[in-house]
Amino acid sequence: MNIKKSELAGTFFNQSQLPRDNRPKILFFGRSNVGKSSLINALLEHKLAKTSSTPGKTLSINYYLIDAKLLFADMPGYGFAKVAKSERARVRQLITDFLNQVENVRLAALLIDSRRGFLPPDIDTLAQIVEKNFPILTILTKSDKISFSEQKKLNTQLIKNFGLQTIFFSIKSQAGKNEIWKYIKEAIKE
Ligand SMILES: Nc1nc2c(ncn2[C@@H]2O[C@H](COP(=O)(O)OP(=O)(O)OP(=O)(O)O)[C@@H](O)[C@H]2O)c(=O)[nH]1
Ligand SMILES: [Mg+2]
């Protein structure tokens with residue numbers, strides 16, 4: 001993808017901050033530390049999103065605007081036990097409010113850690129996305145940490161159990177990046 005300009009276009013912590021915006025959007029969901037911000041940076045070829053080895057880095061919804069016409073939403077990570085209960089409740093409410101009012105979602109990318117596979121909070125998130133009828137792409141992150149045969153096994157399981165098509169991605173090798181862009185381009189076609 002030939003991107004001329006990408007920029008942080010908003011950080012939202014609660015419903016009153018959520019903007020109305022009709023531009024096409026790609027949402028990135030996943031457990032804390034799964035690699036959402038890292039994937040966004042890789043796709044944009046620009047270190048815009050803050051990444052950290054400490055889980056719970058992104059507890060807001062962050063919009064990244066690409067060439068003034070496409071928005072990526074880095075969603076707050078879930079499933080991290082060390083985030084205070086009240087903070088987790090706030091984040092859950094923020095996601096619910098966002099999903100109730102967001103317009104023009106073209107694709108919801110659900111990121112899963114290749115080493116861990118699908119966990120109960122991922123299934124809850126999947127259910128929320130399915131309920132909204134958003135097209136879904138499952139991305140298995142940190143694929144450099146498992147072998148090719150393990151990748152094949154996991155892929156077969158996800159197809160069999162959830163009917164999900166998956167792409168393996170690694171920030172180390174950049175494997176999967178072009179394929180993910182292909183999905184995004186197809187999703188934003190008018
Ligand atoms: N080996 C490997 N490490 C990765 C990969 N993607 C991300 N990481 C590492 O995983 C850690 C978490 O990455 P982030 O991108 O900050 O994760 P996040 O999903 O945005 O996390 P939260 O903001 O807490 O929800 C960082 O230390 C990254 O360097 C990958 O493909 N391979
Ligand atoms: Mg993050």
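Modeller: Lys142 is partly exposed, at a relative accessible area of 21%, where partly exposed lies between buried, under 20% relative accessible area, and exposed, over 50% (1.4 Å probe, protein chains only). This is a predicted model in which local features need pLDDT of at least 70 and side-chain atom pairs count only at pLDDT 80 or more, while totals for chains, interfaces and linings use all residues. Residues are numbered from 1 along each chain as its sequence is written, chains are lettered from A and ligands numbered from 1 in the order in which they are written, and side-chain values use heavy atoms, with hydrogens and water left out.

Lys142 lies in the loop between β6 (136–141) and α4 (148–162), the elements being DSSP runs numbered from the N terminus, with helices as H or I of at least four residues and strands as E of at least two. Although Lys142 is not a glycine, its phi is positive, at about 55°.

From here the account moves to a serine in another loop. Ser170 sits between β7 and α5 and is buried, with a relative accessible area of 0%. Its side chain makes a polar contact of 2.7 Å with the side chain of Asp144; such a contact is a pair of N or O atoms within 3.5 Å, where within protein one must be able to donate a hydrogen and the other to accept it, and residues adjacent in sequence count only if both atoms are side-chain atoms. The side chain of Ser170 also reaches the backbone nitrogen of Lys172, at 3.0 Å. Once neighbours within four places in sequence are left aside, Ser170 is in contact (heavy atoms within 4.5 Å) with Ser143, Asp144 and Ala175.

Gln174 belongs to the loop between β7 (166–168) and α5 (177–188), and there it takes a positive phi of about 65° although it is not a glycine.

Just after α1, Glu45 takes a positive phi of about 50°. Ser6, in strand β1 (residues 6–12), is buried with a relative accessible area of 8%, and a polar contact of 3.2 Å joins its side chain to that of His46. Beyond its neighbours within four places in sequence, Ser6 is in contact with Leu44, His46, Leu48, Leu65 and Ile66.

As for the whole chain, it has five helices and seven strands, which follow the pattern β-β-α-β-β-α-β-α-β-α-β-α along the sequence. The radius of gyration is 16 Å, close to the 16 Å that the globule rule gives for 190 residues, so the chain is as compact as a globular protein of that length; the radius is taken over C-alpha atoms, and the rule is 2.2 Å times the number of residues to the power 0.38. Along the principal axes, the C-alpha atoms fill a box of roughly 45 × 40 × 30 Å. Of the 190 residues, 49% count as buried, and among contacts with a separation of 6 or more, 73% come from residues 24 or more positions apart.
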